[in-house]
Amino acid sequence: MKLYEFQAKQIFSRFGIPVPPGKMAESPEAAAEAALELGGRVVVKAQVHAGGRGKAGLIKLADNPEQAAEHARAILGRAFKGFLIQRVLVEQAQQFTREYYLALLVDRASKRPLMMASAKGGVDIEEVAATEPEAIARLTIDPAFGPFGFELRDLIARAGFDPTVARQIVAIGEKLYRVFVETDAALAEINPLMVTQQGQVVAADAKFDVDDNALFRHQDLLVYKEEAEEDPIEAEAHRRGVTYVHLNGDIGIIGNGAGLVMGTLDMVTRNGGRPANFLDVGGGAKADLVRQALEIVLLDKNVKAILINIFGGITRGDEVARGVLDATSSMDISVPIVVRMAGTRADEGLKMLEGTSLIPVGDPEQAARRAIELARQREAAA
Ligand code: GDP
Ligand code: MN
């Protein structure tokens with residue numbers, strides 16, 4: 001679960017990490033009011049689950065409440081990377097001398113928390129990571145002990161941080177580690193970690209991602225769950241209890257078993273197609289479940305063909321065929337559906353689909369290619 005910047009800052013602040021004072025606003029008037037309350041210069045920041053706001057003009061400095069309202073008016077209601085901006089964070093502007101980068105994530109290679117630090121923080125960190133990876137210092141942390149003070153000091157020195165603020169950053173690093181562990185986070189990132197003209201270090205931005213599987217033990221974080229701006233189709237699938245992940249292609253994928261679905265995604269990709277989603281209907285591919293799956297997949301308007309790939313084990317091929325037929329006969333579907341089946345009673349199932357609007361194919365590669373071909377035809381026709 002990704003948190004918005006203002007939510008992440010609330011949590012960071014609870015753990016003692018300094019953040020600038022700020023207020024949320026959902027309208028230009030509220031932004032002006034917030035600016036008035038904060039006094040002086042403010043920064044108006046779009047709250048959206050996507051990075052790169054600064055470069056997109058979604059982080060704007062305002063000298064007075066009127067200007068804050070103007071910026072909010074320009075930002076609110078805009079779409080950015082597929083998200084609608086409904087809120088801005090109005091925050092006391094910082095006069096800074098430096099922008100650092102400090103982050104914690106789970107490193108899959110070492111299977112440990114990894115802290116990363118760089119003196120080249122700010123909006124170009126991705127470029128820094130790509131072109132001069134040596135500018136990002138790393139510290140792999142032993143979870144049995146957490147980071148030792150000397151390790152953090154060493155990291156800070158290697159990152160090239162100003163020694164006069166090292167003490168403050170050690171303290172922030174320790175707190176960031178505590179937040180990370182205690183909330184079961186997958187990512188906790190501060191970029192920029194600003195050094196102000198007064199020599200104070202503050203978290204001017206915050207990116208925070210909490211492991212959904214651990215949410216059950218974080219009642220306090222559940223309030224953010226409702227506000228989490230999930231992909232709308234994923235949210236709907238979630239409500240219906242369907243395992244679904246939205247991808248960016250145009251071929252809808254439905255299968256039973258996560259392994260089979262992933263294999264199907266690979267097959268489509270290998271043959272030059274682009275999967276629109278991952279959708280696992282699990283063991284029993286009953287009519288109702290197939291209908292739910294089709295409905296979810298069809299919510300994605302990019303879908304130009306659907307590939308259903310079922311392995312009949314406990315679920316028999318003829319049952320699946322009946323399920324798909326039942327579901328599709330009561331739905332108005334214009335997208336071509338290729339059905340591939342194997343296993344128990346697969347032949348019977350495929351036979352049942354002959355002469356219907358469904359396209360039965362026995363061989364998986366062939367089924368993938370057929371779906372890709374049909375998607376292309378639709379694309380060309382559109
Ligand atoms: P991001 O682009 O989505 O990562 O958004 P950030 O919150 O990191 O802001 C982007 C950039 O805006 C920062 O790197 C700063 O250069 C600038 N910025 C953000 N907050 C302030 C602020 O309070 N004062 C000033 N002067 N600049 C800011
Ligand atoms: Mn940032």
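An oxygen atom of ligand 1 sits 2.9 Å from a polar backbone atom of Gln-94, a polar contact being a pair of N or O atoms within 3.5 Å. This is a predicted model, in which local features need pLDDT of at least 70, side-chain atom pairs count only at pLDDT 80 or more, and totals for chains, interfaces and linings use all residues. Side-chain values use heavy atoms, without hydrogens and water, residues are numbered from 1 along each chain as its sequence is written, and chains are lettered from A and ligands numbered from 1 in the order in which they are written.

Back at the ligand, an oxygen atom of ligand 1 also lies 3.1 Å from a polar backbone atom of Asn-191, and an oxygen atom is 3.1 Å from a side-chain N or O atom of Asp-205. On its own, ligand 1 exposes 570 Å², of which the protein buries 86% (areas by the Shrake-Rupley method with a 1.4 Å probe).

Follow Asn-191 onward and you meet a cis peptide bond to Pro-192, with omega near 10°. Pro-192 belongs to strand 11, residues 185-196 (strands are DSSP runs of E, at least two residues, and helices runs of H or I, at least four, numbered from the N terminus). In the loop between helix 6 (166-182) and strand 11 you will find Asp-184, which has a positive phi of about 55° although it is not a glycine.

Now turn to another part of the chain: helix 2 (residues 28-38) passes helix 3 in a right-handed crossing, where the near helix is turned clockwise from the far one by less than a right angle.

Technical notes: A polar contact is a pair of N or O atoms within 3.5 Å; within protein, one must be able to donate a hydrogen and the other to accept it, and residues adjacent in sequence count only if both atoms are side-chain atoms.
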